[in-house]
Amino acid sequence: MASKTSPSQLPSFAHPRYTLVDNETIVRRTQEGDGFTSVCVNDDYQSVVESLSMYIKEYLQTRFDLVQHWIPAGEDTPAKCDVLLSRNWETAPKLLVILQNHVGSQLGMWSRSTCVTKGLRAGSMLPFLEQAHEGGYAVIVCNPNLTSVVVDGQKLAVPASAFPEEHALYVYETFVVHSQAQHVFLFGYGNGAMLCKEMLQRQLVRCQQQTEEINRIAGIATVEASRVVEEDDSTDVKAFLGAYTVDWEASHRLQPGHAIPRTRAQLGVAQVLSVGTVAEEDENEVAPSTAWSVVAASDSVFRFFDFCLQDTLQH
C-alpha cells in the first residue's frame, strides 16, 4: 500500500554546514554560502552521521507509520535501546523482523558511511521499507548494535540488550510472540543472520513446550551472512534453515541470480544467490560497503517471501 504522508508532514534534515538534497544526497555548503560540494570533511563526519541518524529515524516513523519503542520496556533506566515497530504490529497478518548486526549499521541504516558518501537509497533502510510497506508487511526494525550507552561519562550496558543475541530474544518474546501475525518473516544483514537463527530456535522451543503453539516463521532471508548453521544446532533447526532460508551475497564471478553452491554448503541454507558485484565506477573503492548487496537483493528477497507465503498456505 502506498504511503499517504504528505511532503509537508515529513521531517527536515538539520545540520549547520550540510544539507540533504532530494532526500538522498548529503552536500556541504561552501564557505561563500552560495554553492555546495558533495565532499564530507573528516572533522564533520561524526556530527553528520548523528544528524542523519536522527533524521532517518524520524523520517521512517513518519513515512511508514512506525512507533518508537524502548528496551527494556516500562523500566526507569538511563540505559535504553530503541526499536521501531509498525503501528499495527499486533494485528497485521504478515510481520517482517529486520535484524542488522554489521559494522557501521544502526537503527534505520545498513551503513553509516554509505549514507554519507553514496546517499540514503544506497545506505539506509528506506527502499527496503518501501517494499515492505507496499507488500502489506508490518515491520519490526531491531537495533542489536546498540548494546551500551554513555551516561555522565560512564558506559552502561542496556538491560535486556547487553549483547545482540539478548536483544533479538527480547524483541521476539516481547513483540513477535504477542503479535497476531499468521506469517512471520525474518531478514538478517551480516551477523543478523545468526540473530534470525536465535529467533527461530526460540520459536521451535516454544513449539515443543506448548502443544497449541505453531511455527509461524514462514521464511528467513539473509544478506552477506558469514555463518548460519553450526554443528551443534538441533536437527529441527538445521532442517528449517536448509529448507526455508536463502542468503544473497556479492560475487565478482557470477551474474545476479546464479546459485553459489560452495557458500550454500558452508552456510547450510536452502540456497545462496549472487547479486553480482558493485558498479564499475565503484570498483576503485578500497572496501566497498556490503550494504550495496541489500539494495541489489531486495526485489529477490520479497519474491522469496512471497514464495514462502504461498508454500505455507498450501500446506
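Asp65 counts as partly exposed, at 37% relative accessibility. Here, buried means under 20% relative accessible area, exposed means over 50%, and partly exposed lies in between (1.4 Å probe, protein chains only). This is a predicted model, in which local features need pLDDT of at least 70, side-chain atom pairs count only at pLDDT 80 or more, and totals for chains, interfaces and linings use all residues. Residues are numbered from 1 along each chain as its sequence is written, and side-chain values use heavy atoms, with hydrogens and water left out.

## Salt bridges

Let's stay with Asp65 for a moment. Its salt-bridge partner is Arg87, which is exposed at 56% relative accessibility. A salt bridge is a side-chain nitrogen of Lys or Arg within 4 Å of a carboxyl oxygen of Asp or Glu. How many salt bridges does the structure hold? There are 11, and the table shows three of them.

| Salt bridge | Closest N and O atoms |
|---|---|
| Asp82 and Lys57 | 2.9 Å |
| Arg87 and Asp65 | 2.8 Å |
| Arg206 and Glu213 | 3.4 Å |

Helices (H or I, at least four residues) and strands (E, at least two) are DSSP runs, numbered from the N terminus. Asp82 is buried, at 4% relative accessibility, and Lys57 is buried too, with a relative accessible area of 19%.

Arg206 and Glu213 are both buried. They also belong to a network of salt bridges that links Glu173, Arg202, Arg206 and Glu213.

## Strand S11 and its neighbours

Is strand S11 enclosed or open? In S11 (residues 217–223), 7 of the 7 residues are buried, so this strand is largely enclosed by the rest of the structure. On the way from S10 to S11 the chain passes through helix H6 (residues 192–209), making a right-handed β-α-β crossover. Right-handed means that, with the strands pointing away from the viewer, the path from the first strand over the helix to the second runs clockwise.

Two strands pair if DSSP finds at least two bridges between them. Strand S10 (residues 183–190) runs parallel to S11 and is joined to it by 6 bridges; Tyr189 has Val223 in S11 as its bridge partner. S11 also pairs with strand S12 (residues 245–249), again in the parallel sense, over 4 bridges. Here Thr222 stands opposite Asp247 in S12.

## Nonpolar cores

A nonpolar core is a set of buried Ala, Val, Leu, Ile, Met, Phe, Trp, Tyr and Cys residues joined through side-chain atoms within 4.5 Å. Which residues have the most contacts inside the largest core? They are Leu96, Phe187 and Trp248, in a core of 50 residues. Helix H9 (residues 291–314) gives the largest share of this core, 9 residues. A second, separate core has 44 residues, including Cys142, Val176, Leu204 and Ile220.

Contact means heavy atoms within 4.5 Å. Leaving aside neighbours within four places in sequence, the contacts of Trp248 include Ala221, Thr222 and Val223, as well as Phe304.

## Cysteines

A disulfide is a pair of cysteine sulfur atoms within 2.5 Å, and by this rule the count comes to 0. For Cys207, the nearest cysteine sulfur is that of Cys308, 17 Å away. Cys207 is partly exposed at 22% relative accessibility, whereas Cys115 is buried at 0%.
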